[in-house]
Amino acid sequence: MFRHLRTLQQVSRRTLTSSAPRQLENKVPHKQKLFQEDNGMPVHLKGGTTDALLYRATMALTVFGCGYVVYALISAALPKKKD
């Protein structure tokens, strides 16, 4: 068992240390330029289609949740009568 753990440790060490570091492009200046642009759009929608879909989904879940809370409160306040 110890031999398997030792082998796993060596493999994971080789995988982490021998890989060449990737050069990632710095996207921050582009995003800053996009979000600071004055085009009349709210900041929470400037990200494009993804932001618009997330905003609409959040609003739909919020409205549904509020409606369900009102329904639950009414059904708790006015219990059904037993016949």
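Val 43 lies in the loop between helix H2 (28–36) and helix H3 (49–77), helices being DSSP runs of H or I with at least four residues, numbered from the N terminus. The model is predicted: local features need pLDDT of at least 70 and side-chain atom pairs pLDDT 80 or more, while totals for chains, interfaces and linings use all residues. Residues are numbered from 1 along each chain as its sequence is written, and side-chain values use heavy atoms, without hydrogens and water.

**Overall architecture**
- The protein has 3 helices and 0 strands, in the order α-α-α from the N terminus.
- Of its 83 residues, 2% count as buried (under 20% relative accessible area; exposed is over 50%, partly exposed in between; 1.4 Å probe, protein chains only).

**Val 43 and the nonpolar patch**
- Val 43 is exposed, at a relative accessible area of 55%.
- Together with Leu 34 and Phe 35, Val 43 makes a nonpolar surface patch of about 240 Å² (residues with over 30% relative accessible area and no salt bridge, nonpolar side chains being joined within 5 Å).

**Lys 46**
- Lys 46 also lies in the loop between H2 and H3.
- Lys 46 is buried yet lacks a salt bridge (a side-chain nitrogen of Lys or Arg within 4 Å of a carboxyl oxygen of Asp or Glu); the nearest side chain of opposite charge, Asp 38, is 5.9 Å away.
- The Lys 46 side chain reaches the backbone oxygen of Glu 37 at 2.4 Å.
- Beyond four places in sequence, Lys 46 touches residues including Leu 34, Phe 35 and Asp 51 (heavy atoms within 4.5 Å).

Conventions
Patches are made of residues with over 30% relative accessible area and no salt bridge: like charges are joined within 9 Å, nonpolar side chains (Val, Leu, Ile, Met, Phe, Trp, Tyr) within 5 Å. Accessible areas come from the Shrake-Rupley method with a 1.4 Å probe; for residues, only the protein chains shown count as cover. Helices (H or I, at least four residues) and strands (E, at least two) are DSSP runs, numbered from the N terminus. Lys and Arg count as positive and Asp and Glu as negative; His and the chain ends are not counted. A polar contact is a pair of N or O atoms within 3.5 Å; within protein, one must be able to donate a hydrogen and the other to accept it, and residues adjacent in sequence count only if both atoms are side-chain atoms.
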